[in-house]
Amino acid sequence: MELPTPEACYRALQSRDARFDGLIFVGVRSTGIYCRPVCPARTPKFEHCRFFSSAAAAQEAGFRPCLRCRPETAPHLASWRGTSTSVSRALALIDAGALDGDGATVEKLAERLGLGERQLRRLFLQHLGASPLAVAQTRRVLFAKQLIHETRMPMTQIAIAAGFGSVRRFNETFRALFHRPPRELRRKTSTASPPAKEASVNLRLRYRSPYDWNSMLSFLQARAIPGMEVVEADTYARTVEIDGTIGSIEVSHLPRHQSLSVTILFPDVRALYTIVGRVRRLFDLGADIVTIDDHLARDPLLAPLVAERPGLRAPGGWDGFELAVRAILGQQITVTAARRLAAQLVSLHGRRVPPAYKIHPALTHVFPTAKHLAMAESIGLGMPAARLKSLKALAETVALDPNLFRPQGTIDNAVAQLRTIRGVGEWTAHYIALRAMREMDAFPSTDIGLLRGIARIDTNCITSANLEQRAESWRPWRAYAAQHLWTADSSRSLHA
Ligand SMILES: [Zn+2]
């Protein structure tokens, strides 16, 4: 999406239009501060305003984040901006820490995306108005700021959690931006309440309205793996393992704040950003849902579905390997049967959660790692030998290449690479690309649930070739169309 004209941006600012939150940032020349369009402060004069399409662009231009409207709480929509999938992929990699640490360079990042460094810089400038390094730097500052305001974490821990590398660098950055040490920001504006559990951290993650929470929760509930996930009282909880460390999280909905509330109980603060990123992905918080719904509703077939479930999200996978295993377990059997198999797998092969890091008593195990399953002598599940073999092959492939599910090249590359794994066909590859790699144009057109869903609304559209043709106009958001069709066909379906 291109930034609207300055006049249009200014009107959004004057009316504090929440629809532009996360899409527009305004730098105010007279104060040196940048704001969200919904900032409660008095609207600055037009001639003092400069408009940006990302927080990073405002920050790179020398503006510092406002302490009242807190730009770090705007919905993170950047990854859906523009038509550049390279930029989206690069942002995902930056979120995963690709530009943190001393050895990390823009050149290496570009290389992973199959681009030249200059090409990547140019794409960033075009779509975000900021360089990749500025984006990474802004990410650190804004995450640290959120932790300062919303938690009671000590400053030293925040420096580590936000990827500053050292407390000194953290202090210097904040002094340069705010002319005071970070802890003074907390005194001034902290609204943090004491955490429910001593070691836990609670954060709010905003989305762009509307958000169909009920559909999301039903989706997760239908697939929840006993011992590893619990859906109860409008809340989703699960165990997590990051780099060998184990904890758990709990997510609930705060509709009045257009946010999800996330409680994280995890022993290592370095994993916080990763965990938050995964929550955003699982709950699809980055979707510019209004644009997507508008686009899909242009097809008269989909219009009623979109009207029925505005804000329907495409759930992501928590982890690429876990998602791929679920997809294989779910081949040819019902969701319920797949769940039972997954529960067995988790209790046989997953590590136990230490009692101090159980956010819910029913959470007992984490999902097994690829390495563990690759080494296991027997997987011990009652399923056809061919599928057991493909499970094993998947584990071995991922154990050798843990980056298999990172965004890469094009969707066709991703699908082709996944298909080299034994037992992963076109359907499974597209399903993994959609949920795990967040390719929002992935579309498993042979899926039986999709075919049933479309046949219900268009009796002429009964083969996957028909469906594929029909789906052309849903690009680049075919994954959302698929989600609508699956949800419409919610009675019985076959996918993991
Ligand atoms: Zn403000």
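Where is P476 found? Hold that thought while you get your bearings. The model on your screen is predicted.

**The whole protein**

Start zoomed out. Show the cartoon and look for 22 helices and nine strands. The radius of gyration is 23 Å, close to the 23 Å that the globule rule gives for 496 residues, so the protein is as compact as a globular protein of that length. Turn the model along its principal axes: the C-alpha trace spans about 70 × 50 × 45 Å.

The accessible surface comes to about 21,300 Å². Carbon and sulfur atoms own 51% of that area. Of the 496 residues, 56% count as buried.

Colour the charges next. There are 65 positive and 45 negative ones, and their mean positions are 5 Å apart.

Contacts tell you how the chain folds back on itself. Take those with a separation of 6 or more: 68% of them join residues 24 or more positions apart.

**The cores**

Hide the surface. Select I275, F283, F321 and W474. Which core do these residues belong to? They sit in the largest nonpolar core, which has 116 residues, and these four touch the most other members. Then select helix α14, residues 320–329. This helix gives the most to the core, with seven residues.

Zoom in on W474. Leaving out residues up to four places away in sequence, W474 touches H295, L296, D299, L302, F443, I454, L467, A481 and L485.

Next, select F25, A58, L115 and V135. They are among the 30 residues of a second, separate core.

**Back to P476**

Select P476. This residue is found in the loop between α21 (464–471) and α22 (478–488).

Another cis bond is worth a stop. Select S209 and P210. The peptide bond joining them is cis, with omega about -10°. P210 has its place in the loop between β5 (201–206) and α10 (213–223).

**Two leucines**

Is L404 buried or exposed? Select L404 in the loop between α17 (385–400) and α18 (411–419). Its relative accessible area is 3%; buried means under 20%, so L404 is buried. Show the residues around L404. Setting aside neighbours within four places in sequence, L404 is in contact with T397, V398, Q417, L418, I421 and M437. Draw a distance line from L404 to A414, 10 residues along the chain. Their C-alpha atoms are separated by 8.8 Å.

Now jump to L125, in helix α5 (residues 117–128). L125 has 54% relative accessibility; exposed means over 50%, so L125 counts as exposed. Draw a line from L125 to P476, 351 residues apart along the chain. Their C-alpha atoms are separated by 22 Å.

**Two positive phi angles**

Select D284. This residue has a positive phi of about 55°, although it is not a glycine. D284 has its place in the loop between α11 (272–282) and α12 (289–297). At 2% relative accessibility, D284 counts as buried.

Last stop: Q332. Its phi is also positive, at about 70°, and Q332 is not a glycine. Q332 is found in the loop between α14 and α15 (335–349). Check the surface here: at 70% relative accessibility, Q332 counts as exposed.

Note on methods:
Residues are numbered from 1 along each chain as its sequence is written. This is a predicted model: local features need pLDDT of at least 70, side-chain atom pairs count only at pLDDT 80 or more; totals for chains, interfaces and linings use all residues. Side-chain values use heavy atoms; hydrogens and water are left out. Helices (H or I, at least four residues) and strands (E, at least two) are DSSP runs, numbered from the N terminus. The radius of gyration is taken over C-alpha atoms; the globule rule is 2.2 Å times the number of residues to the power 0.38. Buried means under 20% relative accessible area, exposed over 50%, partly exposed in between (1.4 Å probe, protein chains only). Contact means heavy atoms within 4.5 Å. Accessible areas come from the Shrake-Rupley method with a 1.4 Å probe; for residues, only the protein chains shown count as cover. Lys and Arg count as positive and Asp and Glu as negative; His and the chain ends are not counted. The place of a charge is taken as NZ of Lys, CZ of Arg, CG of Asp or CD of Glu. A nonpolar core is a set of buried Ala, Val, Leu, Ile, Met, Phe, Trp, Tyr and Cys residues joined through side-chain atoms within 4.5 Å.
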